[in-house]
Amino acid sequence: MASIISRLAYADFVDDSTTTLTASTSATNLPATNLKDNFVAQTWRATGCTDENVVIDFGSAKTPTVVAALGHNFSSGATLTLQANATDSWGAPTYTQALTIVSDSLSDVIPKICYFPTLGASFRYMRIRIQDSANPDTYVEMGRLWMSTYFQPTYNFDAGFTVDIIKPDQVERPVIGGPYGRRLPSYEVVRFGWSGSGNPLPTSDRQTLEAIYRNVGLALPILFVHDVSNNPTTSCIYGFFENEKLTRAHAGVTDYGTEGLQIREDVGWNYV
């Protein structure tokens, strides 16, 4: 098992005003521009599933170092390919990489994919190609597309790391009869920090985290991956800071206090 490494991304190139998204097909009222929407349940949906794609035109050359497809419905047998090229031509793109669809221990597909590409150059165009002819829905969809650079702390967190899996089902329990209700997707809440001893967070890293926090606040999304080397997809959290404040270090202590940072995953129905 490789060492535990965490990375944090906060500025999605997909969201830039200069970035345009073009899909092979789109169902009525579910266009590719929905992939820019922070709300994961607001999806792009293709009309088919055999061979679909989304082309991302950044407007100028970019070098994303993390890519995530969130809120997808791909089946375990789907072939997913990440491509990059200088022009909007896909016969022989400069960069091609197969992406892995991950399933849990019950063989249920985890509806997110995270990958850290090494492009070797900057590209104006990227493409996600989905070939999923056995998809039982007869269409493919994604709720959010993330492509950006990331920040990696000098030392990984070493204080108070926890991940809570929340199942927000709405259940009624009548006096007579069994429970009934509405099943909702699970989501995760991750908490972590750095201690003032051992491997304290360097001042430059602390200042970077503070700047990211000021920039995104509680209203803009972030992408946090807490086990990059071993489980990049399952440890990928697309969500929002829940801290209403960050405790700045004093007298040379470089941690964020006992509460640390807290990030809540957004899977589309967190606040129902």
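**View 1. Aromatic pairing in the predicted model.** Six aromatic pairs are present in the structure, which is a predicted model. One of them joins Phe116 and Tyr150 in an edge-to-face arrangement, with 5.6 Å centre to centre and 85° between the planes. Phe116 belongs to the loop between β8 (112-115) and β9 (123-131), and Tyr150 to the loop between β11 (144-148) and β12 (159-166), so this contact ties together parts that are 34 residues apart in sequence. Phe116 is buried, its relative accessible area being 15%, whereas Tyr150 is partly exposed at 30% relative accessibility.

**View 2. The pair of Trp146 and Tyr238.** The rings of Trp146 and Tyr238 form an edge-to-face aromatic pair, 6.1 Å centre to centre and with 70° between the planes. Distant parts of the chain are linked here: Trp146 lies in strand β11 and Tyr238 in strand β17 (residues 236-241), 92 residues apart. Trp146 has a relative accessible area of 0% and Tyr238 one of 1%; Trp146 is therefore classed as buried, as is Tyr238, because the class covers values under 20%.

**View 3. Charged side chains over aromatic rings.** Arg7 places its charged end over the ring of Phe116, 4.8 Å from the ring centre. The ring of Phe116 thus takes part both in this contact and in the edge-to-face pair with Tyr150. Over the ring of Phe13 sits the charged end of Lys62, at 5.3 Å from its centre.

Conventions: Residues numbered from 1 in each chain as written. Predicted model: local features only at pLDDT ≥ 70, side-chain atom pairs only at ≥ 80, totals over all residues. Heavy atoms only, no water. Phe/Tyr/Trp six-rings, centres within 6.5 Å; stacked < 30°, edge-to-face > 60°. Helix = DSSP H or I, 4+ residues; strand = E, 2+ residues; numbered from the N terminus. Buried < 20%, exposed > 50% of the residue type's maximum accessible area, 1.4 Å probe, protein only. Lys NZ or Arg CZ within 6 Å of the ring centre and 35° of its normal.
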